[in-house]
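Me: I have a model open and want to go through its geometry with you. Can we start with the terms and then work through the parts?

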Amino acid sequence: MKKAVLTVISDISTDQRVLKQAELLRENGFNVTVIGRKIHGISDLRTSRSGEIRLKIPFEKGPLMYAVFNLRLFISLLGRKADLYVANDLDTLLPSFLVSKLYRRPLVYDSHEYFTGQHGLAERRSRYYVWKRLEEFLLPRIRWMITVNKSIAGLYEREYGVNPVVVRNVSPSAANISPRSRTEAGAKEGDLLTVFQGSGINPGRGAEELIEAMALTEGVKLLVIGSGDAYEAVKRLAIVRGVSQKVKFLPRMPWEEMISYTRSCDAGLSLDKDTCLNQRYSLPNKFFDYISAGIPVITSPLPEVSALVADFGCGIILSEVTPAEIAAKLMLLKNDASLLALLKNKAVAAAQDVTWEREKITEQDLFRRVISETYKKNG
């Protein structure tokens, strides 16, 4: 049986893209090992399975965390000669690249975002310099690359001459996951129940504006599910703005559990702001989760996600991410039952069209091509 090693700096428990990638490779005859990072409060969300390794790092964040993780990852990879290596994001690429060269085995780089265009990175000049130099060195030497949408693929192509295959992070079907009761989610009869979810509830993602908007609404309830740098600050803001009775905060949880809450909601919010290149061209995971759950989306006017909402007619595109604009659209759905029903029907139809079963074919074809060309070259 062929062996594949996947690397990622996140914990494996809630990283749906990596878990789907591992399962796809298993379906295609690979013995898969996934190496991630043990993260306090997250690693216990999902029972570790055979072939999953979580590296314990003595630092939670910062340059030392990245340095120690990459060193430990390199050592771990040295003991795992494989037929295929897959590096997920720039923060695992160097060790994977070095080991793939050492063992003369193919490497696929899956960039989940435009890494050096992240919010706040350019302002941290020394960190930006390190990551950018690393990217400039490695990407022209990468033969096989995947990324999450056409806009980000275009950025990499123009900058480095690479030609990434686009595999969107489409969610698995949620059709067989039972929704939670709306009462458990905090809603009364007649309320508009909404959800804002994600493992990256960070500055610039619109969470603060959403809490401010809740103070301007009536009959609207909100679930906030996830974690991130702004998560605790947003919880405090809800208290300060007097909307704690309208907003229920839930921690990061396994995908299936999260989707059971999402399926009980009337609409989902995706409010990333145009604060950097990475967010400008993002296609958030939460968008596909909402579609999979069959609920319409209220989204910021970023090109990738707003184009899909417009194509499927499955939501509302904000003119700007402000409390007043968000509140106005929430109240529109609250007060217009026929519009809400129409958008829900469109979201359900979109879920039939945008499926992981279709999306994964592109990734599957890439992996087959990589192995075929490698073994043909090596005789």
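Reply: Terms first: buried means under 20% relative accessible area, exposed means over 50%, and partly exposed is in between, with a 1.4 Å probe and protein chains only. Helices (H or I, at least four residues) and strands (E, at least two) are DSSP runs, numbered from the N terminus. This is a predicted model, where local features need pLDDT of at least 70 and side-chain atom pairs count only at pLDDT 80 or more, while totals for chains, interfaces and linings use all residues. Residues are numbered from 1 along each chain as its sequence is written, and side-chain values use heavy atoms, with hydrogens and water left out.

Me: How many bridges join β1 to β2?
Reply: There are 6, and the two strands run parallel. In that pairing, A4 stands opposite V32 of β2.

Me: And how many join β1 to β4?
Reply: Strand β1 (residues 2–7) is joined to β4 (residues 84–88) by 4 bridges, again with the strands parallel. T7 has A87 as its bridge partner in β4.

Me: Switching to rings. How many aromatic pairs are there?
Reply: The model holds 6 aromatic pairs. One of them is Y66 with W131: the ring centres are 5.2 Å apart and the planes are at 80 degrees, so the pair is edge-to-face. It links distant parts of the chain, with Y66 in helix α2 (residues 63–78) and W131 in helix α4 (residues 125–138), 65 residues apart.

Me: What are the cut-offs for that?
Reply: Rings of Phe, Tyr and Trp (its six-membered ring) pair if their centres lie within 6.5 Å; planes under 30 degrees apart count as stacked, over 60 as edge-to-face and the rest as tilted.

Me: Is W131 buried or exposed?
Reply: W131 is buried, with a relative accessible area of 11%. Y66 counts as partly exposed at 29%. Y66 and W131 also form one aromatic cluster with F115.

Me: What about F97 and F137, what kind of pair are they?
Reply: They are edge-to-face, with 6.5 Å centre to centre and 80 degrees between the planes. F97 is in helix α3 (residues 93–103) and F137 is in helix α4, 40 residues apart. F97 is buried at 8% relative accessibility, whereas F137 is partly exposed at 40%.

Me: Which charged ends sit over rings?
Reply: Among them, the charged end of K20 sits over the ring of W356, 4.4 Å from its centre, and that of R143 sits over the ring of W144 at 3.9 Å. The criterion is NZ of Lys or CZ of Arg within 6 Å of the ring centre and within 35 degrees of the ring normal.

Me: Salt bridges next. How many does the structure hold?
Reply: The structure holds 23, each being a side-chain nitrogen of Lys or Arg within 4 Å of a carboxyl oxygen of Asp or Glu. One of them joins R133 and E136, with the closest N and O atoms 2.7 Å apart.

Me: Why are R133 and E136 separated by about one helical turn?
Reply: Because they are 3 residues apart in helix α4. R133 is partly exposed at 32%, and E136 is partly exposed at 34%.

Me: Give me another one.
Reply: D274 and R280 form a salt bridge with 2.8 Å between the closest N and O atoms. D274 has a relative accessible area of 45% and R280 has 31%, and each is partly exposed.

Me: Last topic, K360. What is it in contact with?
Reply: Leaving aside neighbours within four places in sequence, K360 is in contact with L24 and E27, contact meaning heavy atoms within 4.5 Å. K360 is found in helix α14 (residues 356–377) and is buried, with a relative accessible area of 18%.

Definitions and conventions
Pairing = 2+ DSSP bridges.
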